[in-house]
Amino acid sequence: MTLTQLQSAPAAARPTLRDAVTGLPSYVPGRRSAGMDIAALASNESHYEPLPAAIAAVAGAAGAMNRYPDMAAVELRERLARHLGVTAGEIAVGPGSVGVLQQIITGLCDAGDEVIFAWRSFEAYPILVELAGARPVRIPLDHLEGHDLDAMAAAVTDRTKVILLCTPNNPTGVPISHDRIEAFLRSVRPDILVVIDEAYVEYAEAGSGPDSLALYREYPNVCVLRTFSKAYGLAGLRVGYAVAAPEIAEGLRRTALPFAVSALAQKAAIASLDAGEEMEARVAVVKQERARMSRELAARGWKLEPSQGNFLWIRADDGLRTRLMEAFDGAGIMVRAYQGDGVRITVADAAANDRVLRILAAHGA
């Protein structure tokens, strides 16, 4: 096209986004505030500062920020392999578990392929699926706020490529038992990748959810997805990982954005693994607070399903949800609202949790 033709082109002609992008819902992050008396309980972050070993590792690595990180994350993958009892070839890392999940969807799904997941579950699921040109298949939760695995199995078609199982489920906190997942795995085709998303696994009581690594060892179509963002307190550094069959893990590494996991994140993750006992002590306190809050709310008439995450879920219609959000906002407490579904509240320190309990006591079930 000549310069004259370009100058005479219609003024409305301009680059446009793909329809799949313009139609995407925006991911809604937990709200932030710089207020000194704000309880930030909307994002399921750890209320603890990073583990001291992680802070020291970041400080030690900061002087090399002018260099690219190890794109293959070899040291981190080898450390994870020792921690999990697998090989480094079975591990792929990415910027948080959501980054690894994007690698999974990108690596396995062509346009028109289907990804099945429970709903409501992690808000990024449909966004990542639609962005890849695949079709999200949402299966409503059962009456106990958990996965309806029978309905998910019945939704499988010849276009199904990936099934996402979030346990404990975000935002409801309900886990999926080992036996139920194993029965589900026996019912689905072995060419479908079943992703067990365990972002909150460290907060779950032993035996409440699956032994995902045992399932992975028995079923080659299982992929285990985890993160350092929650219990390890590295949400700001963005590092997560998947355990998958070597050929799948290699594909995930090829689909990763180059250098997406910084050297600081890799060093902090390794140091955090080495400080596992300290992390577990912190998690134990969160579990105690979660149990205390659940008992007090139950005594006041709130009917909550037992949560195995670092959060509580209150099922609420829009009228109750609006009243609760107004009360929380007025008290300087930032929680997460889901239109038409309910409210999710991160469990933090005892003082912040007491503020939550006072609000809920004043707005009884």
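Reader: Where is Glu250 found?
Author: In this predicted model, Glu250 is found in helix α10, residues 246-255.

Reader: Buried or exposed, or in between?
Author: Glu250 counts as partly exposed, because its relative accessibility is 32%.

Reader: How far apart are Glu250 and His363 in space?
Author: Their C-alpha atoms are 51 Å apart, and 113 residues separate Glu250 from His363 in sequence.

Reader: OK, domains. How is the chain divided?
Author: Domain 1 takes residues 30-48 + 275-363, and domain 2 takes 52-274. Taken over C-alpha atoms, the centres of domain 1 and domain 2 are separated by 25 Å. The contact takes 26 residues from domain 1 and 29 residues from domain 2.

Reader: What does UniProt say about residues 39-356?
Author: An unreviewed UniProt entry annotates residues 39-356 as "domain: Aminotransferase class I/classII large". That span is 41% helix and 17% strand, and its end C-alpha atoms lie 9 Å apart.

Reader: And which residue does UniProt list as modified?
Author: Lys230, which the unreviewed entry lists for "modified residue: N6-(pyridoxal phosphate)lysine". In the model, Lys230 sits in the loop between β7 (222-227) and β8 (240-243).

Reader: Is Lys230 buried or exposed?
Author: Lys230 is buried, because its relative accessible area is 15% and buried means under 20%.

Reader: What is Lys230 in contact with?
Author: Leaving aside neighbours within four places in sequence, Lys230 is in contact with Ser43, Asn44, Ser46, Ala199, Tyr200 and Tyr203.

Reader: Switching to the loop between β4 and α7. Where does His147 stand, buried or exposed?
Author: His147 lies in that loop, between β4 and α7. His147 counts as buried, because its relative accessibility is 1%. Beyond neighbours within four places in sequence, the contacts of His147 include Leu141, Met152, Cys166 and Arg180.

Reader: What about Leu141, buried or exposed?
Author: Leu141 is in the loop between β4 (135-140) and α7 (149-154). Leu141 is buried, because its relative accessible area is 14%. Setting aside neighbours within four places in sequence, Leu141 is in contact with residues including His147, Arg120 and Arg315.

Reader: Which residues are linked with Arg120 and Arg315 in a network of salt bridges?
Author: Glu145 and Asp341 are linked with Arg120 and Arg315 in that network.

Reader: How many salt bridges does a search of the whole structure find?
Author: The search finds 20 salt bridges. One of them joins the side chains of Asp113 and Arg159, at 2.9 Å from N to O.

Reader: Where do Asp113 and Arg159 sit?
Author: They link distant parts of the chain, 46 residues apart. Asp113 is in the loop between α5 (96-108) and β3 (114-119), and Arg159 is in the loop between α7 and β5 (160-166). Asp113 is buried, because its relative accessible area is 3%. Arg159, at 35% relative accessibility, counts as partly exposed.

Reader: What about Glu289 and Arg292, where do they lie?
Author: Both lie in helix α12 (residues 276-299), three residues apart, about one turn of the helix. Glu289 is buried at 12% relative accessible area, and Arg292 is buried at 18%.

Reader: Last one, the surface. Which residues form a nonpolar patch there?
Author: Tyr68, Met71 and Phe259 form it, with about 360 Å² of accessible area together. Met71 is in the loop between α3 (52-61) and α4 (74-84), and counts as partly exposed because its relative accessibility is 46%.

How values were computed:
Residues numbered from 1 in each chain as written. Predicted model: local features only at pLDDT ≥ 70, side-chain atom pairs only at ≥ 80, totals over all residues. Heavy atoms only, no water. Patch = residues over 30% accessible without salt bridge, like charges linked within 9 Å, V, L, I, M, F, W, Y side chains within 5 Å. Areas by Shrake-Rupley, 256 points an atom, 1.4 Å probe, with all protein chains shown as cover. Salt bridge = Lys/Arg side-chain N within 4 Å of Asp/Glu carboxyl O. Helix = DSSP H or I, 4+ residues; strand = E, 2+ residues; numbered from the N terminus. Buried < 20%, exposed > 50% of the residue type's maximum accessible area, 1.4 Å probe, protein only. UniProt positions renumbered as here; feature names shortened; annotations may be inferred. Domains from an automatic or database assignment. Contact = heavy atoms within 4.5 Å.
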